[in-house]
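Work through the exercises below with the coordinates open.

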Protein chains: 4
Amino acid sequence: MKVGIIGATGYGGLELIRFLHNHPEVEKIDLFTSSDEGTVFSSRFGHLLTIHDEPLKKIGVNTLSNFDVIFTSTPSGVTSKLLPPLVGVGPKLIDLSGDYRLKNPHDYEKWYKKDSAPTELLKDSVYGLTEWNEEEVKKASLIANPGCYPTAVLLSILPFIKEKLIDPSYLIIDAKSGISGAGNKPSQATHFSEANENFSIYKINEHQHIPEIEQAIDLFAGVKTTISFNTHLVPMTRGILATTYAPIFEGVTEEQLIDCLLDTYKNNPFVRIVTDVNSIGTNRVKGSNFCDILVKLDKRTNRVTIIGVIDNLVKGAAGQAIQNMNVQFGLPQTDGLDVVPLFI
Amino acid sequence: MKVGIIGATGYGGLELIRFLHNHPEVEKIDLFTSSDEGTVFSSRFGHLLTIHDEPLKKIGVNTLSNFDVIFTSTPSGVTSKLLPPLVGVGPKLIDLSGDYRLKNPHDYEKWYKKDSAPTELLKDSVYGLTEWNEEEVKKASLIANPGCYPTAVLLSILPFIKEKLIDPSYLIIDAKSGISGAGNKPSQATHFSEANENFSIYKINEHQHIPEIEQAIDLFAGVKTTISFNTHLVPMTRGILATTYAPIFEGVTEEQLIDCLLDTYKNNPFVRIVTDVNSIGTNRVKGSNFCDILVKLDKRTNRVTIIGVIDNLVKGAAGQAIQNMNVQFGLPQTDGLDVVPLFI
Amino acid sequence: MKVGIIGATGYGGLELIRFLHNHPEVEKIDLFTSSDEGTVFSSRFGHLLTIHDEPLKKIGVNTLSNFDVIFTSTPSGVTSKLLPPLVGVGPKLIDLSGDYRLKNPHDYEKWYKKDSAPTELLKDSVYGLTEWNEEEVKKASLIANPGCYPTAVLLSILPFIKEKLIDPSYLIIDAKSGISGAGNKPSQATHFSEANENFSIYKINEHQHIPEIEQAIDLFAGVKTTISFNTHLVPMTRGILATTYAPIFEGVTEEQLIDCLLDTYKNNPFVRIVTDVNSIGTNRVKGSNFCDILVKLDKRTNRVTIIGVIDNLVKGAAGQAIQNMNVQFGLPQTDGLDVVPLFI
Amino acid sequence: MKVGIIGATGYGGLELIRFLHNHPEVEKIDLFTSSDEGTVFSSRFGHLLTIHDEPLKKIGVNTLSNFDVIFTSTPSGVTSKLLPPLVGVGPKLIDLSGDYRLKNPHDYEKWYKKDSAPTELLKDSVYGLTEWNEEEVKKASLIANPGCYPTAVLLSILPFIKEKLIDPSYLIIDAKSGISGAGNKPSQATHFSEANENFSIYKINEHQHIPEIEQAIDLFAGVKTTISFNTHLVPMTRGILATTYAPIFEGVTEEQLIDCLLDTYKNNPFVRIVTDVNSIGTNRVKGSNFCDILVKLDKRTNRVTIIGVIDNLVKGAAGQAIQNMNVQFGLPQTDGLDVVPLFI
C-alpha cells in the first residue's frame, strides 16, 4: 500500500509516521505540505533522522490520486476545502480534523466558527469510531476520524446508554488532557514555564467536541441528550482521562455494568476493561491504541463513575485512523498497532 | 509568640516553617518529632541549611505547655491520641490532620478506618474554614484545620448553596490534586518514574473528605445533601483545582452568581473572584494562601460550572492554619501570609 | 523608597515584583512598558489579581526621574539605548540585561551580535556580583547585574582561583538551567510538548556568558584564562546547577578547599557551603536568593568537582538585583530577601 | 525462539517485554521471579493487561535450560550467584546487570562493594557494546550488557580516541540521566514531590560506571586512562545525555572529527551522526535504540565538546540486549528494534 500524509508536521501526523513505519502492508509513505515544500523532514524533526530524510512534497490532486489512502491531519478549516476535489479520484480518505464529523453544517459553523465542508460530503462521510461503526467504515471512502475527547468518552459511556443502564439525561463529563492535544503551535498557554506545574480548565462549556459527542450518542444509542462537558489541561504531554458521572436506572448493579462492558467489547482488541482502580491511568495506555475503561457504582448516590483512558495522539488520533484504514482494506485491526504501552 | 510544630518533617510542616519564618509576631519556632529526636533538621532537609540547623526535639506535655500555639501536622490517627493531654494546658492547638474534623465519631471510623478522637473533644473543636467560621475560630482552643480538597470545594460552592442559587441535591464535584497531597512517604504510586506523565483517579467515591464536605455544607448553609466527589492525581507537585457541576434554580443568571461571590467575599483578602477563564489555574495561586474562584453558567443545560483553585499545601494546609492562628490572636489575617504567588 | 520596573512582563520582572512586595523599605512599585501602555497588569498575569490591578505606564525620562531606583529587566539590546538619558538624572539604575556587563564593546558586539552601549557608560557601570564587589556596588549609580550562569559559576569557583588552589588554565564548566532562563517568549524549543521530557544542549561553546565569566575571573582573581563553558536545558522551570572541573595545584587537600569556601563566605548570608552531596540540588534553593556550593576532590585524577546551585530567577536575576539595591542604599542585604526556599 | 526474562518487574525487564513482543523470531516470552511467584503480571503492571496476564514463574535451572535465551535484568549482586549454574546448560545468557562487566574482580568489589562473580566467568563473558564488539558477541554464550552511561559515553568518544584525534589523558565526562535509571524501588530521592523540578548531582566521582568506561577504552582503543566522570539526575523519566570535553591533538579539524564518526558508524543502523545542535536531545531518541552523536570543536580552547544521547532503558539496556541477541543468533540487528522514536 502507498500512503500519503498531509499535515505531517503536526503531532497527529508524526504519530501516523511512527505507526505506519511498522505496518506490514505499507510499503511507501509520502509526506505532503501546503507551505514547507522542499524542507528536508528530518531537519525539522530530528527524531526522524535516517528515517525520513526526504523533502516534503507539494500537495496536488494529480500526485495524490495515485495513493491507496490519504490521511489528512490538519487544523480545522483546512480539509473542508482540500478534500472535495480528492473524493472519488482514487485514494481512500481519512480525515483526522473535525471538518467532516458534524452532519449538520450549522453545528460546525456554530462550534468551530468557520465555514463548513460541503453538505453532501458531510452526508457521505463515515464517523470512524471503529468499535461502534465497523460495517460503515468498511464501505467508506471518506472517514471522519473521531476527536480525541469523544473517543475516550464515547467508548466508555455508549454501552451503558445503549443498554439503558444509566440515565442519559444527566451526563456530567469532566475530561482532562495532556498538552499535546493543543497541537504543535507555540503559544503563551503552552509555553513550558507557564504550562509546567499548572493544571487549568479551558473553553468552559464551549468545546467543539460537545456536539460531536451528542451526535454520536444519538447515532449509536438512539438517544438525544444535552451533556455537560468540560476539558482541562494536565502538565504532561500525552493522555486523556475522562470522568463521567450519571444516575443509574433503578436496580442496576455494578456487576451488570461490568458485564455490559465485557460483553460489548469482547471481540475488540483495543478496548480493555479494568476493574482495579490502581491499574487505570494515562501511562497504562501511553504510546498505544488501547482504550481502558473502568466503572464504579456509588451506592450512596446511585450514580456511576465511568473512566475512559486513551493516548490522545494514538487511539484519539493516528492509531484509530490506522485502525480504520485496516478495516477499510480488510486487514486485521491490529496491523501496525499491536504495540505494548510504554508505561514509563 | 512561641510556636511549636509537631510533624515538621511532613510537607504541611515544611510550609508552616516557611511562612512562620516571615511572621512578624513569631519569635521562636521549635520543631518536634515522635521518632527522630536529635536529628539535625537541615541534614534531612537541605533547603533549611543555616535556617533550621537545630536538632528535632522530643514531644512532651511539659515542654509543649510553654508555647503560645502548637501546630500538629501529622498523619491521620496520631493527634486523636496526642492532643487530649494538651487541651487546656496552655497553648492554642491547631490540628492539620483529619482527626478532629468530623463531629460524629462513627463517620471518622467509617471513612478513616481508625479509632476516633474522644467525642468530647470532637464537640469542642472548631472547624477552621476561616472565611466561614471566623467568630468561632476567634474563641477556639482546638482548631480542626480543614482538608485541602474541602477548602477548595467549600469556598467555591458554599455561597451559591447558602443563597439558594444552585440545587444542592445534585452536586458533582470532580477534584484534581498535585502529588504533594499524598505526603512525603515514598510509594510505588508516587515513585517519580511511575507518577510522572501519568494522570489517574484514586479512591473512587471513597475519599475521606466526602463526609467533611457534606458536614460543612450542613453547618454553613443549613443543607443536608449527598455529594458525588472524586479525586485525581496530577503529575505536578502543588495545587488543587476542583470542578463542581450543579443545576441552577430557575431563573438564576450568571450575573447573580458572580455578584453572590463578590458579595460573600468582599472583605476576605485571600479569596479572589476570577472572571476570565484564561486567568485561572493552579500556578496563579502557587506558594500563596489565595483561593481563586470562577463560575460559569451553561445556558444549554442550565447547570453551572464552578472552579475553586488553591495551593493544597498553603490555603489547603499550612497557610489556612496560620490564618486561623492570626484570627485566634486578634492579628490581621494576612500577617505572615501576604506573599505574591510564584506563577512560574 | 519608590521603585520603577521596566520590563515587568518578563520573568525577571515578575520576580522583582514578588520580592519587592515584601521589602520593608519599598512603599511604591510602578510598572513600565514600551509597548503595552494601559494594559491592566493582572489581566495578563492572573497571579497578580488584587495585587497589581493598575495599568502599565509609559516609559518617559520625566516620569522615571522621580524614582529612587529603576530596575530594567529587558532583552539584550534594549537598555544600551534606553538607559543613557537616565544616567545622572536621579534614580539608581540596576540593569538585569547583559548590556552593561562587558567592559569591552567589541566583546559585546562579538558575542551578542548587537550594538554595544556607549563605551563611557560601560566604563562607569559596576558589575554587581554582590559578594565580590560590595564596595563598588555601594558607590555605583549604574549596576550591571550579573547573568544567571556567571553568578552560579563565579561564586563557586572564584575562591579557589583567588587562593591559588586550582589551576585556572583548564576550567571545564558544564552548566544546566531550567527553561525559565529562556524567557517568556513562546518558541518551538520551549513549547511544552517538545521541551517536556527532553534534556538538550544549546549554543555549544558560543554562549554570551563566556566572556562575562572570563572578565570576572580577571577582575576578582586577577587571572586571564580561556574557559570551556556549555549550557544545557533541563525540563523544569527554575534552577541552575553548574558543574566545574579543574586540576588542583599539587598538594591541595579537600579540607583546604572547604575551608577556603567557609572562610571566603563567612559573612555572606546568601552563600551556603554544603558538604553532603545528598543535600545539594536546585530545589534546595528554589524561590530563594541562596547560592549553595559544594566541592569534592577526586584523588584518582587530582581534579576537583565544584557545584554551584542557584534559582536562576532569584540569585541569578531579581534577588541579586535587590541585594545590590540594598547595598546601594545602606540597608541590610537580606531586606526583602530573607525567605525560606520552597523545596517542593 | 523461546525467551525467558528474569527480573521482569524492573524497568529494564519491562522494556525487554515491550520490544520482544514485536520481535519476528520470538514466539514465547516467559517471565521469572525470585520472590513474587504466582503473581499475575498485569495485576502489578496494568499496562500489560491482555498482553501478559499469566502468573510469574519460579526460577529454576531445569525450567530455564529449555529456553534459547535468558535475559537477566536484576540489581547488582544477583546474577553473580544466579548465573553460574546456567552457564553451558543451553540458553544464551544476556546479563543486563553490572555483575559480569568488570574483568578484574577487585574492581567490582571496590566500586560495587559486593562480592564478585566467579573469576572464570568474568573472563569468558563478552562485553556487549554491539557496534564495537560484534565478532565476540557472535560467539558469546554469556554477554555482559553495557551500562547505560558507558553506552552513551563510549559510542561517542571511542572513535576519536582510537583514531588519535583527541588526547585521552584529559577526558572530562559530565553525564545526565532521567530518573528511570534509578530503578523501580521507591525512595526519598525518587519520590515525585522531591525529584520533580529538581536537578541534582549524585555519587560524585564514585559511580561504578567509571571503571567500566576506563576498561572499555583500553579494550577497544588500546589506551589506559583515568577519567573524570560525574552523573546528574534530570527531572524526566527517560534519557541520557553525556557531554565530554577533551583536548584535540594539534591540527585536528572539526571536519576530520565528523568524518571519523561517519566512517566509524557507516554500517551501524542505530548510531546517527547529528550536525545541527538544535536536532540533538533526549526526546529525539525516546523509546528507540538509537544513539545520536554530535561533535563540535571549540577553536578558542582547542577542545572538543562531544555529545552522546540514548534512551537509557533501550540502547542503554533492553534494546542493546536484544541487539546482542540478534547478533548471537545471526539475525539482522534491527529485528524487533526498528521503531521510530516518540519525540513527544
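Strands (E, at least two residues) and helices (H or I, at least four residues) are DSSP runs numbered from the N terminus, and two strands pair if DSSP finds at least two bridges between them. This is a predicted model, in which local features need pLDDT of at least 70, side-chain atom pairs count only at pLDDT 80 or more, and totals for chains, interfaces and linings use all residues. Residues are numbered from 1 along each chain as its sequence is written, chains are lettered from A and ligands numbered from 1 in the order in which they are written, and side-chain values use heavy atoms, with hydrogens and water left out.

**Exercise 1.** Trace the open sheet of chain A and find its edge strands.

Step 1. The pairing is parallel, and the seven strands follow the order E3-E2-E1-E4-E5-E7-E6 (chain A).
Step 2. Strand E3 (57-58) and strand E6 (126-127) of chain A are the edge strands, each pairing on one side only.
Step 3. Inside the sheet, strand E1 (residues 2-6) and strand E2 (residues 28-33) of chain A run parallel and are joined by five bridges.
Step 4. In this pair, A:Val3 stands opposite A:Ile29 in E2(A).

**Exercise 2.** Do the tracing for chain D, and explain what the edge positions imply.

Step 1. Chain D has an open sheet of seven strands, ordered E3-E2-E1-E4-E5-E7-E6, with parallel pairing.
Step 2. Strand E3 (57-58) and strand E6 (126-127) of chain D have a single partner strand each, so one side of each lacks a neighbour in the sheet.
Step 3. For a residue-level check, D:Val3 stands opposite D:Ile29 in E2(D).

**Exercise 3.** Describe the interface of chain B and chain A.

Step 1. Count contacts (heavy atoms within 4.5 Å): 53 residues of chain B touch 53 residues of chain A.
Step 2. Take the buried area, the accessible area (1.4 Å probe) that two parts lose on being put together, summed over both.
Step 3. On the chain B side, B:Glu197, B:Phe199 and B:Arg300 supply 17% of the area buried against chain A, more than any other three residues.
Step 4. Apply the salt bridge rule (a side-chain nitrogen of Lys or Arg within 4 Å of a carboxyl oxygen of Asp or Glu). The rule finds four across this interface.
Step 5. A:Arg300 and B:Glu214 form a salt bridge through their side chains, at 2.4 Å, N to O.
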